Amino acid sequence: MKARFRDSMNWLHTWAGLVVGWVLFAVFLTGTLAYFQHEISRWMQPELPAAASPEQAVAQAQQYLQQHAAGSDRWTIVLPGDRGFTTDLFWRPAPVAETASATSVTQPEKRPTEKRPANRRFERASLAGDGTAATARETRGGQFFYRFHFDLYHLPVVWARWIVGVCSMLMLLALFTGIVIHKKIFKDFFTLQWRKGHKSWLDGHTLTSVLAVPFHLMITYTGLITLMFMYMALAVSANFPSSQQFFAQLQGDAPPVVASGQPVALVPLEQIFRQAQTELQGADISLITVHQPGDAAAVIELREASTNSLGSGGRELRYAGSSGLLLNAATAAPYPEQIRHLLINLHSGRFADPLLRWLYFLSGLAGTAMIGSGLILWSARRASQPGAAHIGHKLVHCLNGGTVLGLPLAVACFFWANRLLPLQWPNRPEWEIHGFFAGWLLMLLFSLLRNPKLLWRDGLRLLAAVYLCLPLLNFFSSDRHLGYSLWHADWVFAGIDLVFLVTGLCCLQTARVLQRRLASGSQSAIGGAATANLAETAGASNR
Amino acid sequence: MKLDLSPMASAPPATAKRPWWQVASLVWRILLATVGGYVCTVALTSLSARLCAVVFGLPLASSLLSMMLLSFLLYSITIMAVFASQRLGRTSLWLLGTTAAAMLLCQLPALSGVAETLMTTGAKVS
């Protein structure tokens, strides 16, 4: 390999970052947006009334499920919590002969690549705060970004998670090697140089990396931990006859609930909910599962939410559905399991208050900028070398433009589709997602066809236009526009509209800077030619 | 001539042909780091989990989970070590030897007994 350790690590840093940089950029950006997934969902369904209190939500859910899912063998109730606005219900329908077909408000939970037998598919309904089925426009909302950042889309879930896992592992390597190769990491941080071409990109890459390096390390490592049992399945199978035995030893083995065939009315879930909250010392409850509802053997499971503190979540209580008696007390999991839970909480940030959530968001943006600047840096440095016309370099340049500019455009198109598609449009959520990919594809084509020197300026102008127009679009398409939100201190709607405006203004300002440089004939900020010694300077500062 | 794909180095043009053995060496190094590193990590994770289970009297599932939490760190270090090494052949032998040794040690009666107990008695709730 290389003669010096640092050179080897530099090689590994460069290639580990480049090969998966585009996927990582998408994962980081959508994952960052997912920190506000509930707020985004709220913005995308402006018709929804205020959410119900948890107790009301539980009672409403039971009433709805008894009417619409009486023959089901399992109900799942996801409570709205502090930030949610709907109560989400899932159930597996009984065979068609036993129950009425799902009503028009239910939305089957499906992915295009998943094929399940018809009788195994879950039905879904969302209840608004008044207990009726939510009549708001159908959308995947912020949940789409959340799922996309580890399940991607148009791919089988298992494949997608492996791809994301491999990319995350390479990201971790890039972070470790990045720390190794930047000997003067803090000195570089304080010597940020503007308008120095590639040197500025290197400084920008260093700055976004150093600024939030603990966050980058944490988020990457804990991201791997969230899907650890999948990635390290070989370690489990090497030590246990089956993964079920491993989990049984680790988490305890809840006996399966078998229906007795004797119908007994289910106790009021609201009452069980209150009992459980007392049992859990007032902790929030996020999930209720009812096994065999309406049967004498019914069991109600309640799971603690992970929203209270970093270490919260995971405790489960089981009650008899016919009598309301507590079947098991909440016990603490083994320490390694508690640590795993804590690391997952650290990644998901559900415990974070608004201020901390904004810090998560800004750190995530810094991570996205770090990946983007690293990709551009690779391309910009190579532009000065003799092999710059190589097809690989052109491909990287197009992918850089198509991804770094394309993803933000895709996100904007997703929001535009939400406001522009007719409310009764068939399969509306899917069409919003088609809008997302159409925006991405459009920018990929644009970066392929546009003059490389003008690509970034024009791309940023396009981004500025679509983001600055989004609050306007919201003004004309809903009654929750920015003026109304600010007047009524509705910070969810106002915050998202303001973020659109700020994003648009940042893109516009950057495009103006690029325009000035192009006009003055100075060195192109991104894709222009560079002097040979500039690469050496960059390399020297890297060491 | 060493294979140099660094963007900073005064590298030959990307279009220049490289000898096949350099490409083969790079492919082997990548495979050794990714696949070999993964198997080695799994073997060392298993061995350390069984050792912890025996030494500290922990349930195997708990000790395995503890080691799995550290496994990505171990995997990263292994990959970095493979890419940093000057002698690929010696590194290959080291990695394969370590993996084989860890797998063999897992078969020692004192350590394999941890897993066998589980198999004969069935799943025990910790």
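Helix axes are lines fitted to C-alpha atoms over the stretch in contact, and angles between N-to-C directions run from 0 to 180 degrees. Helices are DSSP runs of H or I of at least four residues, strands are runs of E of at least two, and both are numbered from the N terminus. The model is predicted, with local features requiring pLDDT of at least 70 and side-chain atom pairs pLDDT 80 or more, whereas totals for chains, interfaces and linings use all residues. Residues are numbered from 1 along each chain as its sequence is written, chains are lettered from A in the order in which they are written, and side-chain values use heavy atoms, without hydrogens and water.

In chain A, helix 17 (residues 428–449) packs against helix 18 (residues 452–477) at about 155 degrees, with the axes 10 Å apart. The two helices of chain A are therefore roughly antiparallel (an angle over 145 degrees). Their contact (heavy atoms within 4.5 Å) involves A:Met443, A:Phe446 and A:Ser447 of helix 17 and A:Leu455, A:Asp458, A:Gly459 and A:Leu462 of helix 18.

Elsewhere in chain A, helix 12 (residues 243–251) contains the buried residues A:Phe246, A:Ala248, A:Gln249 and A:Leu250 (under 20% relative accessible area, 1.4 Å probe, protein chains only). A:Gly252, with a positive phi near 85 degrees, follows helix 12 of chain A.

For chain B, an unreviewed UniProt entry lists residues 26–44, 64–84 and 91–110 under "transmembrane region"; such annotations may be inferred rather than shown by experiment. Residues 64–84 of chain B are 100% helix and 0% strand, with end C-alpha atoms 29 Å apart. For residues 91–110 of chain B, the end C-alpha atoms lie 30 Å apart and the span is 90% helix and 0% strand.

Terms used:
Parallel < 35°, antiparallel > 145°, perpendicular 65-115°, else oblique. Buried < 20%, exposed > 50% of the residue type's maximum accessible area, 1.4 Å probe, protein only.
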